[in-house]
Amino acid sequence: MEEIKEGRLMATKKIKEAKTNPVVAFIDKYQTAFSLILFFLTWEVLCRIFKVNEAFLCTPSSALSHLFFKQPDAAYHWGINITATLKEFVLGFTITAILGVFISVCLIWSKTLQKMVMPIFVFFQSMPNIAIIPILLIWIGYGLKTNIIIAFIASFFPMVVNTMAGLNSVDDDLLDLVRYLNASKLQVFLKVRLPMALPYIYSSLKICTSLSVMGVIVGELYASDKGLGYVIANAQKYMDTPPMFASLIVMSMLAWGMYLLVTILERVTMPWRYVKQKSED
Amino acid sequence: MSEKDVLLSIKDLRKVYKTRDGELEAIGKVTFDVKDQEFVSIVGPSGCGKSTLLRIVAGLLEKTEGEIIVDKTKFNPDKEVGFVFQKALLLDWRKVIDNVLLPIEILKLDKRKYVDRAMELLEMVGLKGFENRYPNELSGGMQQRVSIARALIHDPKLILMDEPFGALDAITREKMNLELMRIWSESKKTVLFITHEIAEAVFLSDRVIVLSARPSRQVGSFDIDLPRPRGIDLKTTPEFNKYVIDVYKTLEVQ
């Protein structure tokens, strides 16, 4: 018994030591940044050692310098292109989020509506999203509106399915709790179902971030005159890889930034999820 | 007590569930009265339909046959019932105080008028100073105490309790029984209490009603004539144990 206890003490001591070691603690704290830096460094070094042809794969440093230094070619105007994609992305994401939640609520509210609408949703979702683009181009032409619609089509269905799962996830006992007091349908919804669904809504918003970026970029790759997708499509013709990789890095940053924003919103609106010290009787 | 004091009377209540394999009779004719300010326990083997009975009284389930008669001059069954469930069922996203105030919101009463009462109730259940905590910061026993305060907030006449301490450990349960006794004697409510712990039923109640296994019928009713206030030492007296044994035998016989 004593020995075991001592063993445990040793173990906790070691953990404590590890935590107080400044180097370990520093790496631990900035783990994300470290991983990324390590990844880019390896990429850079390997490219240089093996003298990889830039028309095939550029180094991250040349991609980044392409991003930060003024380029002679107007097609590479980063300010215009990043703003265009950002605008489409933010609008597409916001519209999907609001409409997604709203429509989920309507479908949960009325089972008849749900039965009528779901098959149509499944029909559209089963269709490869990208295949709709040519039709959208005929109807609307290329640009902002089309790309927002593509982003919407790509992320709307997962958003609705997740949110509905959340709104349906209520414990029957919790419903009894409000029902014995004769709560109205609206009260049950506002006081139990919706707060209960919040975690699901946030997880679907997170999925929605990367899907919206994807939708927007697919639209730009297909037909556009600005945006990060346009930069890639254009640079491909000249086998100019640095702007292509620069665009990819920026896209990732955009989706990541939105993801972080959703995470912050999650923390602010659901403080009860982040308190965990139990009290004893 | 006189006939006038009857708050709730249950007559020939029957409940049949329709399942895939046919009909399942959960309650087969149960009849009893609950008087004003009386503490009545219902004991019976697991699955005997005690919870079903309570849910019917609360209006959460439809009865198949029989009557539930309430004295409408004395109380309004839509608004003056408090229910304590087996699980605490607190809403995680509401602070303790807002959980207690939930019935007030649902009954559309003026919330401001009840804040002081909520604080008093929290003090009564021993949770003073915890009003701004979230439920997942509290232990199981504390959560169940919040749910008791919530059941009392709208000042109901009748409190229905469905094995409220069933999920707690023995020591906490003992403590909660004493608390409940104190709360009941302070608040002067009528309580219909469901349990399968005979000693708990005898200790708390004015009357213990014994139900048989499914389909449940009333097989016994015991007036517990023990002095109040009751303390923990009551449990060692021969009178107390005689009641426990009597109830136990009634359950055994069938």
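This is a predicted model: local features need pLDDT of at least 70, side-chain atom pairs count only at pLDDT 80 or more; totals for chains, interfaces and linings use all residues.
The interface between the two chains was examined next. Contacts link 36 residues of chain B with 25 residues of chain A. The accessible area lost when parts come together is often used to give the size of an interface. Here chain B and chain A bury about 2,700 Å² between them. Carbon and sulfur atoms carry 58% of that area. On the chain B side, Trp93(B), Ile106(B) and Asn136(B) lose the most area to chain A. Together they make up 26% of what that side buries.

The rule finds four salt bridges between chain B and chain A. Eight residue pairs are in polar contact, with both residues at pLDDT 80 or more. On chain B, the elements giving two or more residues to the side that touches chain A are helix H1 (50-58), strand S5 (81-84), helix H3 (102-106), helix H5 (140-152) and helix H6 (170-187). H5(B) gives the largest share, five residues. By class, this side of chain B divides into 17 nonpolar, seven polar and twelve charged residues.

One residue of chain A illustrates these contacts. The side chain of Lys191(A) meets that of Glu105(B) in a salt bridge, at 2.9 Å from N to O. The two side chains are also joined by a polar contact of 2.9 Å. Beyond Glu105(B), Lys191(A) touches Leu91(B), Trp93(B), Arg94(B), Leu102(B) and Ile106(B), with residues up to four places away in sequence left out. Two of these partners, Trp93(B) and Ile106(B), are among the chain B residues that lose the most area to chain A. Within chain A, Lys191(A) and Val178(A) are 13 residues apart along the chain. Their C-alpha atoms are separated by 8.9 Å.

Notes: Residues are numbered from 1 along each chain as its sequence is written. Chains are lettered from A and ligands numbered from 1 in the order in which they are written. Side-chain values use heavy atoms; hydrogens and water are left out. Contact means heavy atoms within 4.5 Å. Buried area is the accessible area (1.4 Å probe) that two parts lose on being put together, summed over both. A polar contact is a pair of N or O atoms within 3.5 Å; within protein, one must be able to donate a hydrogen and the other to accept it, and residues adjacent in sequence count only if both atoms are side-chain atoms. Helices (H or I, at least four residues) and strands (E, at least two) are DSSP runs, numbered from the N terminus. Ala, Val, Leu, Ile, Met, Phe, Trp, Tyr, Cys and Pro count as nonpolar, Asp, Glu, Lys and Arg as charged, and the others, Gly among them, as polar.
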